[in-house]
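Here is a short report on the structure shown below.

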Amino acid sequence: MKKRVPLVITFVTGFIVIISFFIPHRPFGPLETDTLIWYSIILGFTLLIGVDSLVRLHVRQMRRRKEGWWYSIVFFTGFFYCLVIGIISIMRTPNPFQPGTIFFYGYKTILIPLQSTMFALLAFFVASASYRAFRARTLEATLLLIAAVIVMIGRVPAGYKLWTRLPGIANWVFNVLQMGAMRGIMIGVALGAVAMSLRLILGIERTYLS
Amino acid sequence: MILLLALAFSISAKDTPDDGGGSITVNVYNIPEGTARIELSRLEKGDMLYKEAGLIPIFKGECDDASVVDGIGYLYRGKAIAKDTFYIAEMEGFVTSSPQWFNKSRITVLIFLILFGSVVLTYIQLAKKNPEGLFIRKLPALDAIDEAVGRSTEMGKPVLFVPGLEGITDAGTLASLTILEMVGKKVAEYGSRVIHPNFDPIVMTTAQETLKTAFAEAGRPDAFNKDDVFYLTYEQFGFAAGVDGIMLRERPGAIFLQGYFYAESLILAETGYSIGAIQIAGTNATTQLPFFVAACDYVLLGEEMFAASAYISREPRLLGSIKGSDLAKVVLLFMIGAGVIFGTIAGIAKQGGNPTYMQIFNKMLEFLAKGAK
Amino acid sequence: MIEEKRNFWDWINSIDRGIIYLIIGIVIILPILLGLKEEVQISPSVRSAYEMIESLDSNDVIIISIDYDPASMPELQPMLKAILRHAFEKDVKVIMMVFWPLGLPIGTEGLEEVAKEYGKVYGEDYVNLGYRPGDRAVMIDMGKEIRNFFRTDVNDILLDSHTMMRNVHNYNDIALIVGLEAGRFGEFWVQYVGSRYNQRIVLGVTGVMAAETYPYLQSGQIEGLIGGLKGAAEYETLIEKPGFGLTGMAAQSWAHIAIVMFIIIGNIGYFMTRRK
Amino acid sequence: MFETISVWIAGGLTLCIFSFLYGDNPVYKFAEHLYVGFSAAYWLIYVWHFTIKQMVINPIAAREPGSLMLIIPLFFGFLMLSRWFPERYSWISRWSIAFTVGIGAGLVTIGQIQGLLLPQLKATILPLATGNWHTNINNFLIVIGTVATLTYFYFSRREGSAVSKFSRVGIIFIMIAFGSSFGYTVMARVSLLIGRMIFLFGNWFHIVKPL
């Protein structure tokens, strides 16, 4: 019951998706449509698993007065602020995500600056990392370095000013040299992914149930 | 005059091929210049009047009428409406729709699926019978594990193992756990310590179990400290900052970055590089590999990670998949080789005035995968 | 003297990261403050994306998929606006949908802003479907009937009550899909819609995703590719409506030059210290 | 007024995050926790609006045929939250996980074969005599790049064999690919910083033209 049923469910659902790809005839075609809708509904809840563990984590930290527990208060401030403005917007409008609602303002004031600045930090880190790590230590590292520099310069207007053919060369590196290798890597990864999926469907791979 | 007649606005319809029924595909040809829209109407067998059946998009001159009932005959009429005039196209015979039992256009996918699936399954069976009999290349990064752990112990420094940011269902995380087992054994043998910060709670519990087994197998179950495998945070950059802090405080001699990483990869790899640790990275996140290659001493590139975990664990399911993929690669390589040679010959023949081979070549490619429109 | 020299090369070999951060900050801020302008050269992949949309007729319907969130906004939002301007200019009708949970509000904002510029009417010229979980599942089912997943638009209004949606049922009625991608969903559009339903696709991707997308361009699985902020700037140039992409190009240029300089300096330091 | 306050808060939070450049500090941690908390609640609103309301409640309220069946996936969705239930029954959540794993695996199988393997194989079979030497050379490089990379990832090769030697060519192509991908990534990261700077100097300080 605990292990057999999930294995059967995985097999049946995986099988439905594959078989209905080849057999459009009833019952498979409509069955696929409904299964995918169910999948989407269930998947919506996976978002909640993360929320659930976060809330639990911070409740625990506040209870135990663990070091830095006041950050948990900040967490809940953000959490309840968003929840309250969200609920108000839901009650007022059919679509809380529409520009103009207070929920949208909350998003614009808090979420956009925080999330986008976190990623903007990477510009500094990538500069420092390229300086520190890009040393022509081996043949491989040298190739990596040269390709990176060509693309970096060739992809901005400065490259054109430096040498009018540089953008063309950068495009060529990308479209021809890079493309072939990337394709090879992608084909390898795809074969691995198909093998893994077949293992999952056939119940050979069961780590996710442990 | 004949040319003009041949270009007259016309319509045809047929049962939509390879579908589950209830649909007829209507085509219009020679859409008159200046047409703004094409209205479609249909006459059911036995009825007297045409009824509205939607619009035909001009950009492709084709539409599927999915509101029909299987087995009933229909006649279609297209009305191309231009600025101040219109053109009508009508059909001669009735068409009916029906469902099909097999989608013929997808036969290549089925062939590939059956062949590849049976190869993988056969290899898994073979590996079950004789796991040592299947050869997989040893990767240099695996030898380096021993060296890195050893040197780290000599310097009296701990080992840091970061499992990536994905959950337990990710293939990279699974491979990471196998590699952790090997690292754990080495660490136990040398009497060193392994620090394992986590992003995902489930991965944390699994990693604890894995390390516990590894220490026990190395004969030192008491040396394992459960608190060295701990949960850090659920936020990407918070995690990166936390691991950074550990690196700077604990100064590990060897760092393993194994699993699925996102943008934080470069922060981790660079800090590790700056404290002078031996870094052995591995990830199935292709976009992050460049950073690891630049900043780490050894890198398991994508699939190499899976091969490494199969090599270490000798698990039939992993070995079988790697061998199956290898055989598939050989087949693909032969197909590419043969195809390129034939295509080149066809190209030379075409330049010499004989296009037949090129047509065969293009037909073969079309069979492999339907081209985009 | 010799002692001093070695110190210099050692310093070159390990410049403090604070200095690097400072210089990167300066080379990005200065061009912005000075309002420097740059012209961009059009790359073939962006041109083919442009030509694809240029070839559409008025009243054709396209889908624009917002598969990014604020983290990649500076790269993809300019693309969204440029493509919307191009489409609305040609009276092409637009369906917007979202697969990244945090992307809906910024997508909606961009759509409403450009629609207002062109006096477009909601429901007649554009529709916003909103978000659904299950990316690939949604893509596949939409090939049979969009209403399988989207009975209503984001505002809970039935799709059939929008005039532009009345004859739009599945990909057969969609002239083109434009995916704006910060992650793997572009690949999903290609694999589950492009291959399965023979649908034409143009992708606009972040710089990070560009490398993985080129194989699909060469194989003809996508019609065009707009890569990163530079791609957005190229598109803005093509439609002759300069926006954020072009504004950022000067700073982009200088930052790249600075980073390449650092790489060169680092390598000089590396060779000088290693020689001894 | 509302707009102005919003921009000032946003600007302040931007600076909080930038303080990370100086090192991990309380100001950064404050902003980070605020972000995590806010986005967590954001997901709740999402699940309510798009999954529960639009996909389940609305069709049932409109009495669409068969819509009552949608309660079943809703139930399995709740089962995902296994920790809400007594430990004894928490294994039921595996049913929902198994459902998503099964569909996911099925989709990957089809998608990778039809959407990647076959079309990419087709696109690699390029004729080397097209009448245009430029295309010929490019085609040759694409074929060699793909073949050599695939050979590099062929794990059954033995050390010192001819295949192994050829795979060295593969690593050259792979390194060029990684290098150019790195270059593109640098571009992406720099763009994000530009975006933030234009926000600070445009929307906040009004020195340059805002976004």
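What does the accessible surface of chain A come to, and what share of it belongs to carbon and sulfur atoms? The surface comes to about 7,800 Å² (Shrake-Rupley method, 1.4 Å probe). Carbon and sulfur atoms hold 68% of it.

## Basis

This is a predicted model: local features need pLDDT of at least 70, side-chain atom pairs count only at pLDDT 80 or more, and totals for chains, interfaces and linings use all residues. Residues are numbered from 1 along each chain as its sequence is written, chains are lettered from A and ligands numbered from 1 in the order written, and side-chain values use heavy atoms, without hydrogens and water.

## Chain A

Chain A has 8 helices and 0 strands (DSSP runs: H or I, at least four residues; E, at least two). Its radius of gyration, taken over C-alpha atoms, is 26 Å. The C-alpha trace spans about 65 × 55 × 40 Å along its principal axes.

Of the 210 residues, 64% count as buried (under 20% relative accessible area).

## Chain C patch

A nonpolar surface patch of about 940 Å² includes Phe8(C), Trp11(C), Ile23(C) and Trp254(C). Helix 2 of chain C gives the most, with 6 residues.

Methods: Patches are made of residues with over 30% relative accessible area and no salt bridge: like charges are joined within 9 Å, nonpolar side chains (Val, Leu, Ile, Met, Phe, Trp, Tyr) within 5 Å. A salt bridge is a side-chain nitrogen of Lys or Arg within 4 Å of a carboxyl oxygen of Asp or Glu. The radius of gyration is taken over C-alpha atoms; the globule rule is 2.2 Å times the number of residues to the power 0.38. Buried means under 20% relative accessible area, exposed over 50%, partly exposed in between (1.4 Å probe, protein chains only).
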